[in-house]
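Here are my notes on the model, point by point. Please read them with the structure open.

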Amino acid sequence: MADDSTAQDRQLLHAYSRETRDPYVQRLLGELLGHVNRADFARTAGAGGGNTRDLGQGRYAVSYAHTPAMSRNDHLAVLVHELTHVAVNQAYDSQMLNIRVPALAPAEADRVRDETPGREEDFQNARLGRLDARRRDAFVDLVVGNVRRLLEELPGSGLPADRQRAIRTKLTDHLRARPYHEYDGVLSHVLTWCDLDGADRRSPFYRSLTAMVAQAADWRAAGDVTLPGRRRRRGLLRRVGGVLSGMFRGFRR
């Protein structure tokens, strides 16, 4: 039987799915609730975000920081974010990466496991290294361009100033810095905030965000990401290179 945190969090997500009138949130929750019983939820003390671990056999462990002062809106956004990681992994079998990546040969997987036991990021990096460089670059270009667009449009979102600050942090510290790991989850997180905190549905920010959320959901439903041809955007990449260069130096040619 699920423990108290798991039962409460599952109930909270089901209640939200009944309450929301946002069609994009309704579609997202329709997908995520199909995976909710795969996850056990655990609340930890202190500050910080969440973490989702693949336990194998379609089971996941989700832990996240929770305090009595945590608002329901923030609580739901974290749950939606972490459950999106589950949906991503189920769609792509990707070590929680937001794009389908080639599997490692058994000998290579053993080598990574022996070198750094328990470090999921090392498996992610090893699998990213097997992905075509042009496809990696095209995905990064798409994410960076989308982040830039959302940041430009955020002031007109109709959201309170403190929520705009939180979204700006999500888009920069989480998504733009870790696009392969956080793209779908951060989009889901921000959409939940927009729904619960009353974003202006007519704003360019909301229209752009919901288009990105819908595209990511379509990709997961198809089991693969469809990317445009890579465009040369050296100026843009230079401007955000301080964030990205360290992470991707090993993958670019």
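1. Start with one residue pair. N51 has S63 as its bridge partner, and S63 lies in β3. Keep in mind that this is a predicted model.

2. That pair points to the two strands involved. β2 and β3 (residues 59-65) run antiparallel. Six bridges join them.

3. Now the whole sheet. Three strands make an open sheet, ordered β1-β3-β2. The pairing is mixed. β1 (39-44) and β2 (50-56) are the edge strands. Each has a single partner strand, so one side of each lacks a neighbour in the sheet. From one strand to the next, the twist averages 20°.

4. Next, the helix over the sheet. α1 covers residues 4-19 and lies across β1 and β3. Its direction makes an angle of about 105° with β1.

5. Which residues touch the most other members of the largest nonpolar core? They are L13, F41, Y183, L187 and L209, in a core of 63 residues. Helix α3 (residues 72-92) supplies the largest share of this core, with 11 residues.

6. A second core is separate and has five residues. Among them are L104, A109, F123 and A126.

How values were computed:
Residues are numbered from 1 along each chain as its sequence is written. This is a predicted model: local features need pLDDT of at least 70, side-chain atom pairs count only at pLDDT 80 or more; totals for chains, interfaces and linings use all residues. Side-chain values use heavy atoms; hydrogens and water are left out. Two strands pair if DSSP finds at least two bridges between them. Helices (H or I, at least four residues) and strands (E, at least two) are DSSP runs, numbered from the N terminus. Axes are lines fitted to C-alpha atoms, for helices over the stretch in contact, and angles run from 0 to 180 degrees between N-to-C directions. Contact means heavy atoms within 4.5 Å. A nonpolar core is a set of buried Ala, Val, Leu, Ile, Met, Phe, Trp, Tyr and Cys residues joined through side-chain atoms within 4.5 Å. Buried means under 20% relative accessible area, exposed over 50%, partly exposed in between (1.4 Å probe, protein chains only).
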